[in-house]
Amino acid sequence: MNYSVKKIGQILNATTQIDSKIVTGVSFDSRKVKSGDLFVALVAENDGHDYVQQALTKGATAVLVDDRHQIDSKIPAIIVSDTLLALQQLGEYRRHQINPKVVAITGSNGKTTTKDMASAIMGSQYKTFKTPENFNNEIGVPLTLLTMPDDTEVLVVELGMDRPGQLTTLSELVSPDIAIITMIGEAHIEFFKTRENIAKAKLEITKGLKSQGTLLVPYDEPLLTNAQVKQNVQTFGQDIKDINSSSSKTIFTYQNTRFAIPLLGRYNIMNALAAISAGILLHIELKNAAEALQHFDLTKNRTEQLTTSHGVNLISDVYNSNPTAVAAVLVTLKIIPATHKYVVLGDMLELGEQAASLHACLAETVINANVDGVYLVGPLMNKYLYPILQRRFDSAHLHQYETDQLAELIKDLQTLGENGDVILLKASHGIHLENVVNALVK
């Protein structure tokens with residue numbers, strides 16, 4: 001990115017002042033501003049206009065502000081009616097200017113892992129850029145567009161959703177050539193009430209999908225395979241052979257090619273096949289895809305495999321959680337070869353009026369996982385799952401903690417297990433089990 005303030009004003013049809021300055025980056029957090037950045041003063045819980053001077057002190061070249069705030073005439077500025085909308089318009093302009101092939105990914109679970117896999121695969125043959133961290137909302141997506149390098153040939157972008165209409169906006173912003181829906185789970189069911197409504201909202205990703213583009217959906221999800229969309233629809237996930245899992249990787253054969261991914265679980269095979277299918281559409285050779293997936297950069301806290309100081313293997317999946325995802329990872333835990341296995345489950349959030357039944361329904365899956373100990377964290381797990389598990393586990397093997405008792409949980413887990421044993425941690429991000437993980441691997 002290398003635009004003058006005047007150029008940005010022209011792009012946005014906005015008023016400018018001191019417009020000869022050159023902008024080389026963009027930031028909406030005054031604490032993270034770098035020299036040359038355009039500071040975008042967003043109006044949310046905190047008003048970004050209150051931090052304009054701090055951003056300039058940190059090195060911002062110019063500021064993007066709205067016309068309801070007074071700005072000193074000596075400050076290089078672009079003045080618009082809505083700074084968030086302007087940020088999105090600027091991101092859209094840059095997408096048009098660079099014009100990469102765009103792979104857009106959404107889903108109730110697995111979108112970040114699929115993003116990481118797809119980026120590795122595309123990167124084997126193209127100059128590829130992917131969504132940083134989890135920048136997948138109305139702010140993060142335009143920032144992704146504005147930070148991608150000038151020579152980007154393929155952009156792999158993650159699109160999040162927590163309300164109807166959100167994916168329409170994001171999809172139209174990135175205009176994908178390929179759209180992937182990883183799965184339909186129960187995430188945000190508090191707001192959508194049914195899986196059918198969640199599927200309908202996820203299908204908004206096709207609103208910006210190019211007319212000749214392709215939508216990739218799991219073969220075993222009728223809410224998606226039976227959907228009526230204008231673009232081409234292809235399925236992924238079938239015709240897998242020779243699945244074999246170890247404590248550190250999953251191996252499978254697809255189209256006569258052997259793949260080994262450094263992740264556990266059939267659900268991660270599905271994520272891999274979504275990414276592979278996108279790669280095939282962009283003419284990636286399968287041998288290159290297989291090589292790329294052997295060692296790829298995985299965003300933190302997505303089914304990470306770690307080790308404690310005394311050799312216990314940790315499976316950390318603590319960024320989000322819903323019943324479908326918990327069931328899938330517990331099935332994986334069951335087949336991992338280990339002498340002793342333990343599971344730490346934190347509350348699944350945003351389940352609304354279905355929270356009681358959806359927490360209780362985990363009981364059978366937990367029991368069938370054949371674990372040696374269960375550690376429950378949070379009021380929902382303790383109220384709805386604990387009483388059922390009490391019928392099958394004695395007090396030495398079933399434990400409960402409130403969300404403010406993570407220190408006690410850490411203390412109990414630090415002496416749990418021996419070399420080669422496995423502890424799985426799964427919860428919604430709001431429970432903050434990442435703090436437990438960090439303490440265990442110090």
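## Close-up views of a predicted model

D177 is buried, with a relative accessible area of 15% (buried means under 20% relative accessible area, exposed over 50%, and partly exposed in between, using a 1.4 Å probe and protein chains only). This is a predicted model, where local features need pLDDT of at least 70, side-chain atom pairs count only at pLDDT 80 or more, and totals for chains, interfaces and linings use all residues. Residues are numbered from 1 along each chain as its sequence is written, and side-chain values use heavy atoms, leaving out hydrogens and water.

**View A. D177 and K101 form a salt bridge.** The closest N and O atoms of this pair are 3.9 Å apart; a salt bridge is a side-chain nitrogen of Lys or Arg within 4 Å of a carboxyl oxygen of Asp or Glu. D177 sits in the loop between α6 (166-174) and β11, while K101 is in strand β8, 76 residues apart. Helices (H or I, at least four residues) and strands (E, at least two) are DSSP runs, numbered from the N terminus. K101 counts as partly exposed, at 42% relative accessibility.

**View B. E138 meets R163 in another salt bridge.** Here the closest N and O atoms are 2.2 Å apart. E138 is in the loop between β9 (128-130) and α5, and R163 is in the loop between β10 and α6, so the pair ties together parts that are 25 residues apart in sequence. E138 is buried, with a relative accessible area of 14%, whereas R163 is partly exposed at 38%.

**View C. K115 and D116 form a salt bridge, and both are buried.** Their closest N and O atoms are 3.9 Å apart. Salt bridges that share partners join K115, D116, K130 and E158 into one network. Across the whole structure, a search finds 16 salt bridges.

**View D. Look inside the largest nonpolar core, which has 35 residues.** A nonpolar core is a set of buried Ala, Val, Leu, Ile, Met, Phe, Trp, Tyr and Cys residues joined through side-chain atoms within 4.5 Å. Among the residues with the most contacts inside this core are V103, I180 and F252. Elements that give two or more residues to the core include β8 (101-106), β11 (178-181) and α10 (266-281). The largest share, 8 residues, comes from α10. Find V103 and you can trace its contacts (heavy atoms within 4.5 Å): not counting residues up to four places away in sequence, V103 touches residues including M122, V156, I180 and L282.
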